[in-house]
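Me: Could you show me how to read helix packing in a model like this one? I would like the general idea and then the case at hand.

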Amino acid sequence: MQSNQQLIERFYSAFQQLDYKTMNDCYSDNVIFNDPVFGLLNAEDAKAMWEMLCNNAKDFSLSYSDIQLLDEEYATCKWTAHYTFSKTGRKVVNNIKAHMRIQNGKITEHSDAFRLSTWISQALGWKGVMFGWTGFMKRAVQKNARKNLERFIEKKAAN
């Protein structure tokens, strides 16, 4: 069985290649995911999210560093994604800190932390700069992301 360090490296190396299948293979069957855009996702939705994001990625690059094994189950690492936000064509640099729980060689909990207002400012331009800090704008971005994920899952189920 691979070490927790190797599992995290496998996950982010796959992400660098936009290989959602390998990323999802790093997850347990009942993984729980959370981030500021999509909120709390169950395993099925989290795996679909990575597939959707990898399939839609434009001008994408990713780096990861500072993997810290806090104990035998918990780890953190930093990762940065550079990409073009497809809806606006704007460049985004998202600096993220991941928190993971690993049990039996699989990620069982994954939470990504980043400042949503910073992401909104980059992705939406002047509207994001002016209003990205507001609860209204944050909720609108979250609602839109969930709607896109639901649409992706429905389309995938129909095929």
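**Helix packing, step by step**

Reply: Happy to! H4 and H6 pack at an angle of about 75 degrees, and their axes are 11 Å apart. This is a predicted model, where local features need pLDDT of at least 70, side-chain atom pairs count only at pLDDT 80 or more, and totals for chains, interfaces and linings use all residues. Residues are numbered from 1 along each chain as its sequence is written, and side-chain values use heavy atoms, leaving out hydrogens and water.

Me: Which residues of H4 and H6 meet?

Reply: Contact means heavy atoms within 4.5 Å. From H4, Leu116, Ser117, Trp119, Ile120 and Leu124 meet Met137, Lys138, Val141 and Gln142 of H6.

Me: Which residues of H4 are buried?

Reply: Buried means under 20% relative accessible area, with a 1.4 Å probe and protein chains only. In H4 (residues 116–124) these are Leu116, Ser117, Trp119, Ile120 and Ala123. They lie on the same side of H4, because they cover an arc of only 155 degrees around the axis; the arc is that of the directions from the helix axis to the C-beta atoms.

Me: What do the buried residues of H4 pack against?

Reply: Their partners are strand E4 (74–85), strand E5 (90–103), helix H5 (126–131) and H6. Helices (H or I, at least four residues) and strands (E, at least two) are DSSP runs, numbered from the N terminus. Just after H4, glycine 125 has a positive phi of about 75 degrees.

Terms used:
Buried means under 20% relative accessible area, exposed over 50%, partly exposed in between (1.4 Å probe, protein chains only). Axes are lines fitted to C-alpha atoms, for helices over the stretch in contact, and angles run from 0 to 180 degrees between N-to-C directions.
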